[in-house]
Amino acid sequence: QAFPNDLIEESRSISVYKKVDITGDGIPEALVNLSTGGATTDLITLVRVENNKPVVPFFKQKDGRISTMTFSSGAGGSGRYGSDADLVENKNAIYSTHYSAYNENNDSCGAEAYQWNSQTKLFEFNASLSSEAGQSYCSRVCSEWAREPDLKTYFQRI
C-alpha cells in the first residue's frame, strides 16, 4: 500500500534483507526485499515498527520533496554497474550507493545518505554524510575492480 504505483511481485516472497536499529529507539529497522526489480537487481525499502505495526517511513529528499522511497540492490553488466542500501547504526542513517562504469563520460559512482531526525520523524538527506559515504564506497569499489584485469579499464572515469 505504501507504493501504489509500483508493481510488487506476488509470485516471490517479500523478505527481510537486513535489520539494524538506526533510529536509536531500541527497535531495529529492516531493509525489506520487495521481490521485484530487474534481471540482476531487487527493489528494497526501509520498514520501521511504530505501535507494534510495520510502517514505511518518509524521506526528505535533496530537493525537499517528502515521500517513501525504494532502493536498488544488485549488480550486473559483468560487474560494470551495481547498487545497494545499507543501514548505518552509528550514523542513524541509511546509505544508498551506486556505480556505473563503462569507461564513458557519463560513468558515475556515489552515495545518498538519509539520517533519522527524531523531531520530524523523517529520514532527511544529509549532504556531508552523502559525500563521506560516497568517497568511501567509490574508493572501495574502484580498488576491488582494479584487481580484475578485464574490468580495470572500465573504472578509469569514476
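## Packing around Phe71

Leaving aside neighbours within four places in sequence, Phe71 is in contact with Asp42, Leu43, Ile44, Thr45, Phe59, Ala85, Ile94, Ser96 and Tyr114. The model that shows these contacts is a predicted one.

Phe71 is also a member of the largest nonpolar core, which has 14 residues. Within that core, Phe71, Leu46, Phe59, Ile94 and Phe123 touch the most other members. At least two residues of this core come from each of three strands: β3 (41-50), β8 (81-88) and β10. Another core lies apart from this one and has eight residues, including Ala101, Tyr137, Val141 and Phe155.

## Overall build

The chain has 11 strands and one helix. Read from the N terminus, the order of the elements is β-β-β-β-β-β-β-β-β-β-β-α. The radius of gyration is 16 Å, close to the 15 Å given by the globule rule for 158 residues, so the chain is as compact as a globular protein of that length. Along its principal axes, the C-alpha trace spans about 50 × 40 × 25 Å.

Of the 158 residues, 39% count as buried. The chain exposes about 9200 Å², and carbon and sulfur atoms supply 45% of that area. Among contacts between residues at least 6 apart in sequence, 45% join residues at least 24 apart.

## The disulfide and a further cysteine

The model contains one disulfide. Cys109 and Cys138 form it, with their sulfur atoms 2.1 Å apart. This distance falls inside the cut-off, because a disulfide is counted when two cysteine sulfur atoms lie within 2.5 Å. Cys109 belongs to strand β10 (residues 108-117) and Cys138 to helix α1 (residues 127-146), so the bond ties together parts that are 29 residues apart in sequence. The torsion about the S-S bond is about -110 degrees, which means that the disulfide is left-handed.

Cys142 is in no disulfide, and the nearest cysteine sulfur, that of Cys109, is 5.7 Å away. Cys142 counts as buried, with a relative accessibility of 19%; the buried class takes in values under 20%.

## Glu29, a buried residue

Glu29 is found in strand β2 (residues 29-37). Its relative accessible area is 1%, so Glu29 is buried. The side chain of Glu29 makes a polar contact with the side chain of Thr23 at 3.0 Å.

Thr23 is also among the residues in contact with Glu29 once neighbours within four places in sequence are left aside.

## Ser128, an exposed residue

Ser128 lies in helix α1. With a relative accessible area of 53%, Ser128 is exposed, since the exposed class begins over 50%. The side chain of Ser128 makes a polar contact with the side chain of Asn126, at 3.0 Å. Ser128 and Ala113 are 15 residues apart in sequence, and their C-alpha atoms are 8.5 Å apart in space.

Technical notes:
Residues are numbered from 1 along each chain as its sequence is written. This is a predicted model: local features need pLDDT of at least 70, side-chain atom pairs count only at pLDDT 80 or more; totals for chains, interfaces and linings use all residues. Side-chain values use heavy atoms; hydrogens and water are left out. Helices (H or I, at least four residues) and strands (E, at least two) are DSSP runs, numbered from the N terminus. Buried means under 20% relative accessible area, exposed over 50%, partly exposed in between (1.4 Å probe, protein chains only). A nonpolar core is a set of buried Ala, Val, Leu, Ile, Met, Phe, Trp, Tyr and Cys residues joined through side-chain atoms within 4.5 Å. Contact means heavy atoms within 4.5 Å. A polar contact is a pair of N or O atoms within 3.5 Å; within protein, one must be able to donate a hydrogen and the other to accept it, and residues adjacent in sequence count only if both atoms are side-chain atoms. The radius of gyration is taken over C-alpha atoms; the globule rule is 2.2 Å times the number of residues to the power 0.38. Accessible areas come from the Shrake-Rupley method with a 1.4 Å probe; for residues, only the protein chains shown count as cover.
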